[in-house]
Protein chains: 4
Amino acid sequence: MIRASIVGGSGYIGGELIRLLLGHPRVELHQVGSDRLRGKRIDSAHPNLRGHTDLTFTGRADIDACDVLFLAVPHRTSAALLPTLPDADLLVDLSADFRLRDPDTYQRVYGVPHPAAGRIADFAAGLPELGRDALRTATRVAVPGCMATAAILALAPLAPLVEPEVTVDARTGSSGSGGSDGFADSHPQRSGALRVFAPAGHRHEAEIAQATGLSVRMTGTGVAAVRGVQVVCHATPRAPLSEVDVRRAYRAAYDGEPFVRVVAHRRGAFRYPDPKILLGSNHCDVGFAVADGRVTAIAALDNLVKGGAGAAVQCLNVRRGWPETLGLEFPGLHPC
Amino acid sequence: MIRASIVGGSGYIGGELIRLLLGHPRVELHQVGSDRLRGKRIDSAHPNLRGHTDLTFTGRADIDACDVLFLAVPHRTSAALLPTLPDADLLVDLSADFRLRDPDTYQRVYGVPHPAAGRIADFAAGLPELGRDALRTATRVAVPGCMATAAILALAPLAPLVEPEVTVDARTGSSGSGGSDGFADSHPQRSGALRVFAPAGHRHEAEIAQATGLSVRMTGTGVAAVRGVQVVCHATPRAPLSEVDVRRAYRAAYDGEPFVRVVAHRRGAFRYPDPKILLGSNHCDVGFAVADGRVTAIAALDNLVKGGAGAAVQCLNVRRGWPETLGLEFPGLHPC
Amino acid sequence: MIRASIVGGSGYIGGELIRLLLGHPRVELHQVGSDRLRGKRIDSAHPNLRGHTDLTFTGRADIDACDVLFLAVPHRTSAALLPTLPDADLLVDLSADFRLRDPDTYQRVYGVPHPAAGRIADFAAGLPELGRDALRTATRVAVPGCMATAAILALAPLAPLVEPEVTVDARTGSSGSGGSDGFADSHPQRSGALRVFAPAGHRHEAEIAQATGLSVRMTGTGVAAVRGVQVVCHATPRAPLSEVDVRRAYRAAYDGEPFVRVVAHRRGAFRYPDPKILLGSNHCDVGFAVADGRVTAIAALDNLVKGGAGAAVQCLNVRRGWPETLGLEFPGLHPC
Amino acid sequence: MIRASIVGGSGYIGGELIRLLLGHPRVELHQVGSDRLRGKRIDSAHPNLRGHTDLTFTGRADIDACDVLFLAVPHRTSAALLPTLPDADLLVDLSADFRLRDPDTYQRVYGVPHPAAGRIADFAAGLPELGRDALRTATRVAVPGCMATAAILALAPLAPLVEPEVTVDARTGSSGSGGSDGFADSHPQRSGALRVFAPAGHRHEAEIAQATGLSVRMTGTGVAAVRGVQVVCHATPRAPLSEVDVRRAYRAAYDGEPFVRVVAHRRGAFRYPDPKILLGSNHCDVGFAVADGRVTAIAALDNLVKGGAGAAVQCLNVRRGWPETLGLEFPGLHPC
């Protein structure tokens, strides 16, 4: 058993981390930090966990040294906290602060200079499917954004086969914002909405470009679900491409991957990836269609699991040399 | 054409009032008050009205004398504003301030002394189905609460026939709170919820008791919809009662009523009242079942229309001697 | 008053036609045909219309001659019925049968020879915004598909400015299929879904190409809503294009149009077109963004109104020389 | 490891059984029967299980002898199949056929004579919380209905304290019907609905009466969710009752119960039981309120888990003397 703690445990990603770590057979959840909820029971913020833990929230300054420390804090907070964190063999950051390798790109995307550029090189990318070896020895991990993970897993195997300009239509549920409670995110405003919030340009584009070498144009739409991300990627083959070619590329990339399922069915409501059947699961489903000289790649995941807390636990498993699916076996619910 | 203005036009009830008055053939919408949005376009708060009006919000103090003034402000604000309001032939208040005739009951229900007890008697009840005559000459009208309206219309015809103790199970969509934007009303928290918020005792009980003479126990549950109220009322007949007796009671009460539909179908998904088919409509559907010595009465309405803005316009129509359905003809959408 | 009848009144488009025609001040709804429901009350299929009509369904063979006849029947049924229909000054067809001008295109898209190629030329396109003059004298009108209408209105003003290859991401609610009741469309299967049903290639592409001259690649996704279509169109400008240029193109195209609203707001949950505020309305909202040498055009509408029954009534109004908004004034609900 | 098989594996309860048994550490899922889907992959019907099993459906006649056999077939099919089933140490039936002990009650409720009255006595009630001992040695188990389970767990501890007449307001998601695909259950018809389907009298009343001795009047409403049951029970205390009394009764009944959580919070969106946080979980949450001489008891569960497949697995665990939570540890998702 190793000792795990979380900084930033009051939000949705934090809640999912707690859930997953409580169910992990080789992890003892030691402390969960939240200055705002310090001293309150964890299940007061995460009512699904009633009966599963008696832990209370710890003030951030009281987090002890531990084996693995997860940071589930807002963007820019991770970098600011870095010098103050307790010792940990492994630090897994779920914010955007250390995802981009190039500080200039960071500045272009986020509009401010990188707050800790000298530390970027310490972080490995938290996407085992594209860089498992680096994770085996990493001491710092930066988990990619939820849409970025979906788009990267959809596009990486195709990157050598398509023209570099790719269009990505990304859809996300309302939990993606981390639990905002403003007017626009109130139930009456958001229920049933199809809210285009990023018609031309989304911050995750740079992450996708970094991982795939492609030049991505992403449109983001908030849909009526609470959880889930789906990306529909439109690419143009460099040379004529058949369904068989595309399937072969995905199989080569993902055969043996425990969490990427290549979905290729002829019929049925779920013949293309749909986050509806992935809630709570660490799977990323990938599918595709080829027609008239175009390839459409589709991916879906649960933004709080494979797009967040689950990916973080998967990285821990890789780093420790444990079976990669440990604590991540939940397959999702159908129907739901 | 008469001149109508609204105090409190930025909320959901206010928005519906604007929509209805813009479409009313004998009303000119003169001013819409909101201190917070003063000077901004009305369609910035109510985007469905783009292209339907160029009005901007007026500061509350700048509201002119007019023919009819609607108050769509929070509870207790109406009473506080009363001395400062401009002259109007008719004042229609949508808050709870003047619904209860007895200031002691008000104090028991709301926990504070009535803020303007001496003015209560000026107000007629804004429920034409139960008191049309008083409305014909009224100068002040207090529109009942949305759940109260549904429960009163379901129960009033049965009151002489049943034991006075009645249980009411009320369900309401998320727009009922007037557009709260706290965490509990954020989309991730509210979507798909069945939130019992008033397990034993709801403020509308006193209104229902006042109108029907029954002693009501109401449970309130927030459901996943945005709009709509449904009440399921459980009563015990004083003497054996058949379906025919109940139907007769409803027919006697509501034959000729333009907005109350007695729903009595043998089959189909909508054989009992469901707010799903009432969105935007001023109808209140009423239905019932009799079995094993019990009668169950069911009513449904759109909380922002028949449970708010539509009822207010209906009262105006009655007061003016206009056809009661003027500006209220929209039948609701199916499916939706 | 003119006399209107409907063939195919039991489906969702038929129901909306009935609703709109009952509320139309210059139309008397004469007969509504349905062989399956012959003799049953119309409100048994369309419960929102209880109290608004006592009509019953008429067998198809008993439909009389009338002034305007609407066909709301499945694809291919319109063409088959054509020789058997009663006389009508104006026939408005809502099926796909007479939308494509070229029978060869029809055969390529639908996989069968056109069933009545010789009659195609009789039909004017039921999209007043692009061909009002032809409608003024038309005797036969073919209303475009719901996604086609949205995409055409988004793209037509841009067509001269952009490269011909355009990608369209179309999203549609569950009422789009006309009310299918198979397993895949059951509530448990469809609720919360993001169902890519046409990843590469949709039948409406040919309609859009015909109207705009563009070469369209459309992806279709079924979203969790009941009503509503949204299209997000990605185009590449031929020459550098600014937001001002695009706005000017839209203004030039749509200034004075009663139903197309060019949405161009800086902020707010509805700064881009969202069908959520359009339920029941005949509006088509159009918006756009320009960035990094790309233009994204977005349109939204209610698939059963502007994408169906409302467009049909709008065509009738044009044909008769009536105010175009007659019977179509409903602005949509907010929130909903 | 024991060998488990399922008869009736194509429906929603069957799918959940497969999911739970695949994740159970002491069970090998041997065969899943479905005549309709014979030979097809299990994940073709339950797409969430892709990658979790390569099993295919087996014809019913080909089900082998096994250690435990689950029947997830429609009502009356269980009784009909009984003589033909293969040997099994334990048979767990999820239909209604053997829930009622008294064949006369069965006939009254279901309108037909009991199809196998002589076998009723072989079955133990599949509700460990009320009869764990009988389950330890049972060879036949009948799992109660989903609403019955919720109502029984809410009411049993109160039964000695309240008058026997109790009103139960039951709400259920759309998966409750077992996956019906008729028109009324299509997404457009069911989305957002509040469909009272049993205004006065529901079949589960007899089960609740049998387990609690109370005389129950249940109203059933279909709500917009896919999963979940909630019951709100209204009872009258025999003698004055305080919140402390009620809490004590629940604690006495459920302290130490692994799956019943007594929810008693002062505030928060989940201070009363809500199925929203229970999806996929085997918990039944129970809460209550006492006011003005009335007690309201509320319970919530996932109809496909604690109200079906999870309860069946829990019974297996009890029967085998295994830890009762084995394979049932999933706590539910928040938010969802």
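Okay, housekeeping. Residues count from 1 along each chain as its sequence is written, and chains are lettered from A and ligands numbered from 1 in the order in which they are written. As the model is predicted, local features need pLDDT of at least 70 and side-chain atom pairs count only at pLDDT 80 or more, while totals for chains, interfaces and linings use all residues.

Let's begin with strand S8 of chain A, residues 165-172. Helices (H or I, at least four residues) and strands (E, at least two) are DSSP runs, numbered from the N terminus. Seven of the eight residues in S8(A) are buried, so the rest of the structure largely encloses it. Buried here means 20 or more other C-beta atoms within 10 Å of the residue's own, with C-beta atoms placed from the backbone.

Who are the neighbours of S8(A)? Strands count as paired if DSSP finds at least two bridges between them. S8(A) runs parallel to S10(A), residues 215-222, with eight bridges joining them; there, Asp169(A) sits opposite Thr219(A). With S11(A), residues 229-235, S8(A) runs antiparallel and has six bridges, and Thr172(A) has Val229(A) as its bridge partner.

Over to chain D and helix H1, residues 12-22. Ten of its eleven residues are buried, so H1(D) is also largely enclosed by the rest of the structure. Among the buried ones are Tyr12(D), Glu16(D) and Arg19(D). What do the buried residues of H1(D) pack against? That would be strands S1, S2 and S4 plus helices H2 and H10 of chain D.

Now the chain contacts, where two residues touch if their C-beta atoms, placed from the backbone, lie within 7 Å. Between chains B and D, 36 residues on chain B meet 36 on chain D. On the chain B side, elements giving two or more residues include S8, H7 and S14. By class, that side has 19 nonpolar, nine polar and eight charged residues. Nonpolar is Ala, Val, Leu, Ile, Met, Phe, Trp, Tyr, Cys and Pro; charged is Asp, Glu, Lys and Arg; the others, Gly among them, are polar.

And the symmetry? Rotating by 180 degrees, with 0.0 Å of shift along the axis, puts chain B on chain D at RMSD 0.0 Å. The two copies are thus related as by a two-fold rotation axis. In chain B, Ala224(B) comes closest to the axis, at 3.3 Å (C-alpha).

Definitions and conventions
Buried ≥ 20, exposed ≤ 12 C-beta atoms within 10 Å, placed from the backbone. Least-squares fit on C-alpha atoms with pLDDT ≥ 70 in both.
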